[in-house]
Amino acid sequence: MAIRLGDEAPNFTTESTAGTINFHEWLGDSWGVLFSHPADFTPVCTTELGAAANINDEFKKRGVKIMALSVDSVEDHKGWIADINETQNASLDFPIAADPERKVAELYDMIHPNALNNLTVRSVFVIAPDKTVKLTLTYPASTGRNFDEILRVIDSLQLTANHSVATPANWQDGDDCIVVPAVSDEDAKEKFPKGFTTIKPYLRVTPQPNK
Ligand code: BEZ
């Protein structure tokens with residue numbers, strides 16, 4: 001069954017390039033990103049894994065652990081990492097899970113047979129420290145993902161988890177935020193000492209509270 005926002009991320013034990021991993025234990029108290037790719041030694045996937053490796057310090061800064069997955073073997077993954085590092089000027093330092101029996105792929109509904117037969121599509125799951133799923137994305141095999149966008153969503157999730165704000169379209173860390181409708185004007189005056197602007201009664205903006 002498809003995984004929905006707010007569901008607990010299913011736990012699993014898998015072989016990976018970093019050895020045997022129990023997913024929940026590996027996550028510990030961190031945020032997590034689990035992302036699948038269709039197959040090793042393929043061009044779009046090579047650029048994606050390189051992009052993820054090159055931005056991994058930004059994930060780490062935010063307390064996020066990332067893990068990739070495909071239905072290929074650990075041996076294939078290890079051979080491919082050398083190519084990724086060479087061609088993408090990267091030093092890949094996160095685990096790639098091997099799922100040849102498609103156990104995790106089934107658990108997370110990562111195989112969409114009408115789009116891509118028997119291989120995982122490009123799924124992304126962002127998981128909070130309480131193990132709930134906060135974001136799901138599904139991209140086709142022909143489109144490489146934007147890892148800056150995944151970081152941007154994590155910035156929004158981490159901000160909105162602690163402050164009574166939401167983030168508008170195309171928001172970037174440091175931009176103004178939206179005061180959530182559940183907060184009255186009276187309460188907003190207390191919660192947002194930098195003030196807020198009422199554009200419409202339902203559309204109020206405030207400087208980012210944690211900046
Ligand atoms: C790729 O990564 O280039 C790719 C993988 C599977 C199907 C199509 C493209």
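How many bridges join β10 to strand β11 (residues 203-206)? I looked this up before anything else. I found 3 bridges, and the two strands run antiparallel. T197 has V205 as its bridge partner in β11.

**Ground rules.** I am working on a predicted model, where local features need pLDDT of at least 70, side-chain atom pairs count only at pLDDT 80 or more, and totals for chains, interfaces and linings use all residues. Residues are numbered from 1 along each chain as its sequence is written, and side-chain values use heavy atoms, with hydrogens and water left out.

**Whole chain.** I noted 7 helices and 11 strands in the chain. Helices (H or I, at least four residues) and strands (E, at least two) are DSSP runs, numbered from the N terminus. The C-alpha trace spans about 60 × 35 × 35 Å along its principal axes. Of the 211 residues, 47% are buried; buried means under 20% relative accessible area, exposed over 50%, partly exposed in between (1.4 Å probe, protein chains only). I also checked contacts between residues at least 6 apart in sequence: 65% of them join residues at least 24 apart. Contact means heavy atoms within 4.5 Å.

**Domains.** I see the chain divided into domain 1 (13-145) and domain 2 (163-206). These bounds come from an automatic or database domain assignment. The C-alpha centres of the two domains lie 35 Å apart.

**The sheet of 7 strands.** I traced an open sheet in the order β2-β1-β5-β4-β3-β6-β7, with mixed pairing. Two strands pair if DSSP finds at least two bridges between them. β2 (19-22) and β7 (133-139) are at the edges with a single partner strand each, so one side of each has no neighbour in the sheet. Neighbouring strands are turned by 30° against each other on average, direction ignored. I then looked at β3 (residues 31-36) and β6 (residues 122-127), which pair in the antiparallel sense over 4 bridges. Within β6, I127 is the bridge partner of G32.

**Helices on that sheet.** Helix α2 (residues 43-54) packs on the sheet and touches β3, β4 (64-70), β5 (96-98) and β6. Its direction makes about 20° with that of β6. Axes are lines fitted to C-alpha atoms, for helices over the stretch in contact, and angles run from 0 to 180 degrees between N-to-C directions. Helix α6 (residues 147-162) also packs on the sheet, touching β3, β4, β6 and β7. I noted about 150° between the direction of α6 and that of β3.

**α2 against α4.** The axes of α2 and helix α4 (residues 74-88) come within 9 Å and cross at roughly 75°. That makes the two helices roughly perpendicular (under 35 degrees is roughly parallel, over 145 roughly antiparallel, 65 to 115 roughly perpendicular, the rest oblique). From α2, the contact uses C45, T46, T47, L49, G50 and N54. From α4, W80, I84, T87 and Q88 take part. I sorted the contact residues into 4 nonpolar, 6 polar and no charged. Ala, Val, Leu, Ile, Met, Phe, Trp, Tyr, Cys and Pro count as nonpolar, Asp, Glu, Lys and Arg as charged, and the others, Gly among them, as polar.

**H77.** Is H77 buried or exposed? I found H77 in helix α4, buried, with a relative accessible area of 0%. Not counting residues up to four places away in sequence, H77 touches T17, D40, S70, D72, I96, A97 and A98.

**The sheet of 4 strands.** Back to β10 and β11. I placed them in an open antiparallel sheet in the order β8-β9-β11-β10. Its edge strands, β8 (165-166) and β10 (197-200), each pair on one side only.
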